[in-house]
Amino acid sequence: MAAQNLKHALFCAIVTLVISYPILGLNLVAEGTKVVLEGADTATVISILLAAVAVFLFQLFRDNIMGSMGKMPNLNPFANREPMEQSKRQRLDTIVLVLLVVGALIWPFFVSRGSVDLATLVLIYIMLALGLNVVVGLAGLLDLGYVAFYAVGAYTFALLYQYFNISFWVALPLGACLAALFGLMLGFPVLRLRGDYLAIVTLGFGEIIRILLNNMTWLTGGPNGIGGIPDPTLFGMEFGRRVKEEGNTLFHEVFNISYSGNHKIIVLYLIALVLALFTAVVIRRFTKMPVGRSWEALREDEIAARSLGLSRTSVKLSAFTIGAFFAGFAGTVFASKQGFISPESFVFLESAIILAIVVLGGMGSQIGVILAAVAVIILPELAREFSEYRMLLFGLAMVLMMIWRPQGLMPMRRMHIELKKQE
Amino acid sequence: MLEVRNLSMRFGGLLAVDQVSLDVNEHEIVSIIGPNGAGKTTVFNCISGFYSPTGGTIRFQGEEVQGKPDYKISRLGMVRTFQHVRLFNKMTVVENLLVAQHRHLNTNLFSGLLKTPNYRQREQKALDRAAYWLDRVGLLELANREAGNLAYGQQRRLEIARCMVTEPTMLMLDEPAAGLNPAETRDLNHLIVGLKEDYNVSVLLIEHDMSLVMEISDRINVINQGRPLASGTPEEVRQNDDVIKAYLGEA
Amino acid sequence: MQDLLYFLQQLINGLTIGSAYALIAIGYTMVYGIIGMINFAHGEIYMIGAYTALITITGLAALGIAWLPLILIVALICAVLVSSSMGWAVERVAYRPVRGRHRLIPLISAIGMSIFLQNYVHLAQGSRNIGFPALIQGGFQFGSPDSFQTSISYMQITIFITTLICMTALSLFISRSRTGRACRAVSQDLGMANLLGIDTNRIISATFIIGASLAAVAGLLLGMYYGSIDPLFGFIAGLKAFTAAVLGGIGSIPGAMLGGLILGVSESMTSGYLSGEYKDVVSFGLLILILLFKPTGLLGKPEVEKI
């Protein structure tokens with residue numbers, strides 16, 4: 001046993017060296033047209049060696065280490081508690097939500113402009129993640145091209161404004177509906193496919209949309225994107241220093257306060273908050289309606305669901321379309337917040353991030369998804385000095401999360417419909 | 001009511017069902033029996049639309065239904081259970097019955113979002129109907145439990161109740177007595193006959209064990225290795241030499 | 001005549017790219033066939049193969065070694081060694097612990113791994129694309145010199161022949177060797193193979209190693225063919241190769257070959273007759289179309305739903 005452990009440990013250490021030394025230790029540097037090889041600094045080489053030694057030691061004493069880890073007391077104090085009663089849980093949920101909303105309403109008036117702006121971005125991701133949660137978490141369909149619908153929403157607003165001068169509030173439902181229409185059109189043929197094929201087809205669709213946006217320069221401006229997208233107005237009031245659209249009034253003039261750039265940021269944040277809240281509430285209702293039940297039924301046992309007369313295509317299609325709708329919604333807000341959009345914002349990585357939020361939050365759970373969105377968007381901003389390592393750590397976190405806590409931070413607990421005692 | 005003529009199903013080189021014909025009339029319990037691997041479940045899967053048969057016709061209430069998608073056949077009023085119980089395990093018992101009633105509910109998204117009176121009314125009706133059926137199969141006390149936590153016999157009954165809330169005209173049961181003890185089997189037979197008498201449903205039943213179906217079936221079809229072997233009343237089948245040979249030969 | 005020559009040129013280009021896609025697609029199709037997961041990080045393994053090859057070639061040049069066959073063979077060996085070690089390690093670290101869980105979980109782990117590896121190379125080697133020396137130059141030309149000429153470069157011939165050799169070797173390995181037979185057994189029924197005493201973990205590792213090795217070969221070949229590489233080099237190629245695998249029928253090795261060639265040709269035809277910018281649109285569009293009419297791919301076996 002010990003000899004075998006030693007052999008295995010040695011093998012693992014060598015593999016560690018093989019996969020890290022050539023890539024990390026030997027750097028390709030372009031000198032003019034020529035490429036030359038440079039050795040990395042001593043620190044890197046030493047850390048590679050240390051890593052190999054660490055792997056060797058870990059594998060050698062693997063059984064002991066794993067054994068003592070098992071003996072460690074459970075760190076989670078809540079691990080063994082009884083599940084809460086449903087009515088109690090529902091009340092607690094409501095209280096937490098209300099507190100969150102109240103906090104989110106007051107908070108922007110006391111912090112910096114940058115934080116509010118970041119918070120708006122978080123809200124956009126919350127909308128996206130809640131929408132994708134319907135598709136992945138509730139209906140169990142893996143959509144890797146979700147960002148395409150986000151792009152449709154954003155571009156709808158940008159183009160409608162550019163060509164027809166249409167305002168945010170009109171574009172919002174239009175963008176969402178157009179995204180839903182795209183979802184319907186894509187979903188209709190492809191939702192018959194098996195899960196993994198669906199994943200790759202949606203991924204391909206996402207790429208198609210991005211490439212089209214990039215190349216239809218006459219319409220979308222290609223890689224240069226579209227700029228000058230206006231901020232939302234509030235009952236015909238603008239937040240700029242001067243009126244841009246005829247017939248509008250100015251916020252600071254109406255209320256007779258001095259002009260401040262912060263007003264715009266805060267109002268945008270509040271609008272995003274209201275829309276995110278709307279998304280959460282509507283989706284929450286859906287889960288308790290027949291449509292939500294059929295998503296779950298199909299996810300749980302497709303064959304049984306079909307035997308009861310549920311059409312696989314239309315049930316999946318409804319989830320897919322509703323998911324796309326909210327992506328379009330978020331896209332419109334995003335376009336308005338940025339003022340400028342280009343295909344750069346709608347790459348596959350974006351889909352992966354949204355998916356990571358859903359998974360991290362615990363598929364199907366709304367509060368979990370909201371917390372995860374906050375974590376995924378804000379943590380990298382806090383760790384700016386590690387910004388180089390941001391994506392590296394992000395990828396690593398996804399892997400580790402799947403290994404150690406695949407059910408997410410807050411796994412979904414179903415709210416059951418209860419049959420009241422009949423008199 | 002149901003007429004199956006010369007049904008065949010081929011998987012690659014294997015002819016799993018070969019020229020099977022059977023009839024179910026209104027207000028009748030008809031059984032398909034045969035040894036393991038005889039193709040009974042394949043016949044079922046063809047009739048219920050999960051497989052598209054490679055030959056033959058299936059008529060239900062005069063309409064040709066072979067090759068129609070499963071959910072459409074179910075909506076025509078022909079609903080089935082499965083050999084290995086298929087419940088929505090993480091949903092509660094009553095929710096299982098609500099899912100099955102999707103066609104009786106107001107599925108308009110907006111009326112649901114706004115909780116219109118019509119929506120509430122229908123939702124309440126669905127709950128009432130669910131309660132009625134749970135009472136009928138003796139599961140009312142367990143209505144708010146997760147379906148996956150029920151005992152096996154209870155799961156079987158729930159699966160039947162879930163079919164019945166869709167208000168079918170024909171119920172197809174795939175080995176409903178498998179895994180039940182003798183007392184449970186007796187209750188089940190009682191339930192099946194009761195469904196036929198009280199709700200005017202016809203029943204098509206698959207059973208592996210001949211003795212169980214003898215008392216409740218009006219007619220029996222025996223198939224062996226995909227081919228029809230005999231059919232007739234329980235008496236006729238019991239005395240059929242081929243059937244005796246097939247069963248004794250197997251035993 | 002000119003039109004025909006032009007068409008031939010596109011065909012040759014397409015078959016070249018397509019056979020390289022097929023090499024990468026093998027890794028997807030074998031892994032999917034055995035454990036039913038999309039190895040999302042496979043494109044990155046290929047990219048690492050290309051980087052290792054370039055590092056080796058540059059290193060050998062610095063040492064003053066100029067004999068081409070030696071350079072190519074050493075680069076190939078190094079690329080295969082590093083990529084297959086990486087493939088093995090990725091399976092061990094990121095996939096084995098999550099095997100058998102809900103099918104979304106290994107997939108997300110794989111997406112995480114893909115992002116990780118991309119940034120691993122990005123941090124070590126920079127994000128800019130780096131020139132890959134065209135070691136194999138020259139070729140044949142057809143057609144009159146004053147109008148359009150069809151050319152087949154020696155590089156293209158090398159790609160063809162290498163792919164052919166790899167595919168033949170793989171087919172022989174799968175059909176003849178003990179490990180190959182075990183591979184087939186495991187892909188039929190993993191649980192049963194386990195019961196029969198096949199070390200399934202070893203077979204799964206072997207699958208990853210074989211897939212990664214072929215990807216490394218493709219990395220070296222396509223690196224030379226394109227003339228430059230960057231850390232994102234693997235993502236699109238991986239996506240294309242997966243598309244090829246699905247197109248041909250996932251789990252089927254001849255399917256991967258066929259899918260690769262179809263994809264390569266349709267891409268080069270789009271580039272040649274329409275616009276290079278739309279070639280990806282066409283290949284994904286093709287994927288969607290084929291899946292609509294033949295959901296199991298061209299050579300995939302139809303599935304019977306178990307009820």
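**Contacts between chains and the packing within them**

In this predicted model, 25 residues of chain A are in contact with 33 residues of chain B. On the side of chain A that touches chain B, the elements giving two or more residues are helix 11 (261-288), helix 12 (290-300) and helix 13 (302-307) of chain A. Helix 12 of chain A gives the most to this side, with seven residues. Sorted by class, the residues of chain A that face chain B comprise eleven nonpolar, six polar and eight charged.

Chain A also meets chain C, and here the contact takes 47 residues from chain A and 54 residues from chain C. Several elements of chain A give two or more residues to the side that touches chain C. They include two strands, strand 1 (26-31) and strand 2 (34-39) of chain A. The helices of chain A in this group are helix 1 (2-25), helix 7 (168-190), helix 8 (195-215), helix 15 (348-361) and helix 17 (390-404). Helix 8 of chain A gives the most, with 13 residues. The side of chain A that touches chain C has 37 nonpolar, six polar and four charged residues.

We can now turn to chain B itself. Its secondary structure comes to ten helices and ten strands. The C-alpha trace of chain B spans about 65 × 40 × 30 Å along its principal axes. How does the radius of gyration of chain B agree with that of a compact globule? For 251 residues, such a globule would have a radius of gyration near 18 Å, and the 19 Å of chain B agrees with this. Of the 251 residues in chain B, 46% are buried. Contacts in chain B were also sorted by separation along the sequence: among those between residues at least 6 apart, 65% join residues at least 24 apart.

Two packed helices are described by the angle between their axes and the distance between the axes. The axes of helix 10 (residues 253-273) and helix 11 (residues 279-293) of chain C come within 8 Å and cross at roughly 140°. These two helices of chain C are therefore oblique to each other, and their crossing is right-handed. From helix 10 of chain C, the contact is made by C:Leu263, C:Ser266, C:Glu267, C:Thr270 and C:Ser271. Helix 11 of chain C meets them with C:Lys279, C:Val282, C:Ser283 and C:Leu286. By class, this contact of helix 10 with helix 11 of chain C has three nonpolar, four polar and two charged residues.

Definitions and conventions
Residues are numbered from 1 along each chain as its sequence is written. Chains are lettered from A and ligands numbered from 1 in the order in which they are written. This is a predicted model: local features need pLDDT of at least 70, side-chain atom pairs count only at pLDDT 80 or more; totals for chains, interfaces and linings use all residues. Axes are lines fitted to C-alpha atoms, for helices over the stretch in contact, and angles run from 0 to 180 degrees between N-to-C directions. Helices (H or I, at least four residues) and strands (E, at least two) are DSSP runs, numbered from the N terminus. Angles under 35 degrees count as roughly parallel, over 145 as roughly antiparallel, 65 to 115 as roughly perpendicular and the rest as oblique. A crossing is left-handed if the near helix is turned anticlockwise from the far one by less than a right angle, and right-handed if clockwise. Two residues are in contact if their C-beta atoms, placed from the backbone, lie within 7 Å. Ala, Val, Leu, Ile, Met, Phe, Trp, Tyr, Cys and Pro count as nonpolar, Asp, Glu, Lys and Arg as charged, and the others, Gly among them, as polar. The radius of gyration is taken over C-alpha atoms; the globule rule is 2.2 Å times the number of residues to the power 0.38. A residue is buried if 20 or more other C-beta atoms lie within 10 Å of its own, exposed if 12 or fewer, and partly exposed in between; C-beta atoms are placed from the backbone.
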